[in-house]
Structures are given as C-alpha cells and as structure tokens.
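Morning, everyone. I have one structure to go through today, so let me put it on the screen.

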Amino acid sequence: MTKVELYKSRVFVTIIHLFALGQFAYGLFYNKFEIQRSYKLETSINRRLVPDGVVQKAKFLTYWSLIIQTVYYVISLINDFVGTNEVAPKRLPTIRKVKDYIMASLAFPVALNVGITFWSLYAIDRELVLPRVLDPVFPSWLNHVLHTNIVVFMILELFTSFRAYPKRSKGLAGLSAFLLCYLVWVHIIKYYSGFWVYPVLGVLQLPQRIIFFIALFIFTQCLYLFGEFMNNIVWEKELKLAQRKVK
C-alpha cells in the first residue's frame, strides 16, 4: 500500500492515532501517579529531578513535548471522525487547520528537538540529563516513550497522514513564541529555586549558556524547515494536485 493510499484509509490512520494517543496519555498518567514513588527516596536530588506535581514536572521541555503530542493526537482523532484527511477538500474544516498547524509548528520540531538533544547529551554523559540514581524510579520504557517514540510517531505521521504546512512566517512565529516562553520559564525557575532545570546548564559558564540557548533555538528552527522540506518531498504529487484544484 502506497503512502497515497494510506492517508485515504481512515481506518489505518485512525489506528495509528489511537495507538500513539494511548501510549502518550499513559505516559502522562504514569508521570503523574506512579513516579510519586521517587518521594520515598531519601536524597534531595531525586525529589528535585523527579517531582510529583504537575507544576513541577512542567519544568522540563520533555513534559511539555509529551503534552503537545497528546493534544496533537487527540485533535488528530477528532479530525479522523468529524474532519477530513483529503488532500484538497472543497471546504477545509477548522479542526483540520488546527491539526496541520500544531503538527508543523510544534509537534514535529519540538519532538525532534527533545529526542535528538536528549540522546546526544546522553551519549556524551548521561548524568547531565538522566542520572543513574533515578533508574529505580524512572523505567527505561518511559524514557523511550518520552525521548524515542515521540520522534518515531512523528516520522510515521509524516509518511501516513497528509497535512498542508502553514505559511512559513506563521509556522516559525508559533514555534519561536513557544521556545521563548520556555526559555523565560527556565530562568524563572532558576531565579526562585536556585537550581537549573537541567544539570548540564550548571556546568556551563554564562557565555557558554548563551551560545547553548542560541544554538538550540536555531537548531529547532532548522527542524521546522526540515519538516517542511520532508513534507514537500513525501507529498509532492499530492501538493501539486492540491494547487491545481485551488486554481
């Protein structure tokens, strides 16, 4: 079955969306209720790195990414049932417009940012992102849901479900606003708690941190452009068809 046939198969796409939503929703549930076991540990570093409150978990970009993925697949399922996955429908439902924008500006670039950044730092020194002391309370399967599967399902989504990318300026504006808000949030947490959200920030000097933040910002913007580029390649024929119908 070709990719063109896949997006036409509502059952196939819906199954993918259900499976993705199920694991990400369970990941949120596990984060909220099961990892409270970490509070039984005596060391303060465990209580700081694996907090049990939703507000405290919101310190981490990984948690925001998980929320974005969950919201995206909820919207995708709604679109599967009441919207459309057609290339160029006569009338584009609002839910489809929202789905396409979230995928392009947030879900895809943020997921790849989290996955690539996490595993790169993990390969250099895992203590910077996931200290071994947390292994008893942070199962490996959850680690892969948070840092691996989000990328896998975004790539799968790219090939199985058609979407129209928004105007580049609008897409990058939405992504930039999200990144800037999170950057401010990280510094607010540091100001009030005295701790950096990620241990790696504590080992960097101010000039290095500035370069680090700028590099991640540019890197994530590039991931948006990469997603747009791949979308144009994968769905080239369908996009040309859509343009002809609009004319």
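I'll start with the surface. The protein exposes about 12,900 Å², and 68% of that area is supplied by carbon and sulfur atoms. Keep in mind that this is a predicted model.

Now the overall layout. There are 11 helices and zero strands in the secondary structure, so to read the elements from the N terminus is to read α-α-α-α-α-α-α-α-α-α-α. Of the 247 residues in the protein, 48% are buried. On contacts, take the ones with a separation of 6 or more: 79% of them come from residues 24 or more positions apart.

Helix α8 covers residues 168-193, which is 26 residues. From first C-alpha to last, α8 reaches 37 Å, close to the 38 Å expected at 1.5 Å a residue. Just after α8 comes G194, with a positive phi of about 85 degrees.

Which residues of α8 are buried? They are G171, L172, L175, S176, F178, L179, Y182, V186 and I189. As a reminder, an α-helix has 3.6 residues a turn, so residues three or four places apart point the same way. As for what the buried residues of α8 pack against, the partners are α5 (61-82), α6 (94-125), α9 (199-202) and α10 (206-234).

In helix α5 we find F81. Is F81 buried or exposed? F81 counts as exposed, because its relative accessibility is 61% and the cut-off for exposed is over 50%. F81 also belongs to a nonpolar surface patch, together with V74, I78 and V82. The accessible area of the four together is about 390 Å².

The other case is K99, which lies in helix α6. K99 has a relative accessibility of 1% and therefore counts as buried, the cut-off being under 20%. What is K99 in contact with, leaving aside its neighbours within four places in sequence? The list is H17, Y72, I75, S76, N79, N85, E157, S161 and F162. With one of these, S161, the side chain of K99 makes a polar contact of 3.4 Å.

To recap the two side chains: F81 is exposed at 61% relative accessibility, whereas K99 is buried at 1%.

Definitions and conventions:
Residues are numbered from 1 along each chain as its sequence is written. This is a predicted model: local features need pLDDT of at least 70, side-chain atom pairs count only at pLDDT 80 or more; totals for chains, interfaces and linings use all residues. Side-chain values use heavy atoms; hydrogens and water are left out. Helices (H or I, at least four residues) and strands (E, at least two) are DSSP runs, numbered from the N terminus. Buried means under 20% relative accessible area, exposed over 50%, partly exposed in between (1.4 Å probe, protein chains only). Contact means heavy atoms within 4.5 Å. Accessible areas come from the Shrake-Rupley method with a 1.4 Å probe; for residues, only the protein chains shown count as cover. The expected span of a helix is 1.5 Å times one less than its number of residues. Patches are made of residues with over 30% relative accessible area and no salt bridge: like charges are joined within 9 Å, nonpolar side chains (Val, Leu, Ile, Met, Phe, Trp, Tyr) within 5 Å. A salt bridge is a side-chain nitrogen of Lys or Arg within 4 Å of a carboxyl oxygen of Asp or Glu. A polar contact is a pair of N or O atoms within 3.5 Å; within protein, one must be able to donate a hydrogen and the other to accept it, and residues adjacent in sequence count only if both atoms are side-chain atoms.
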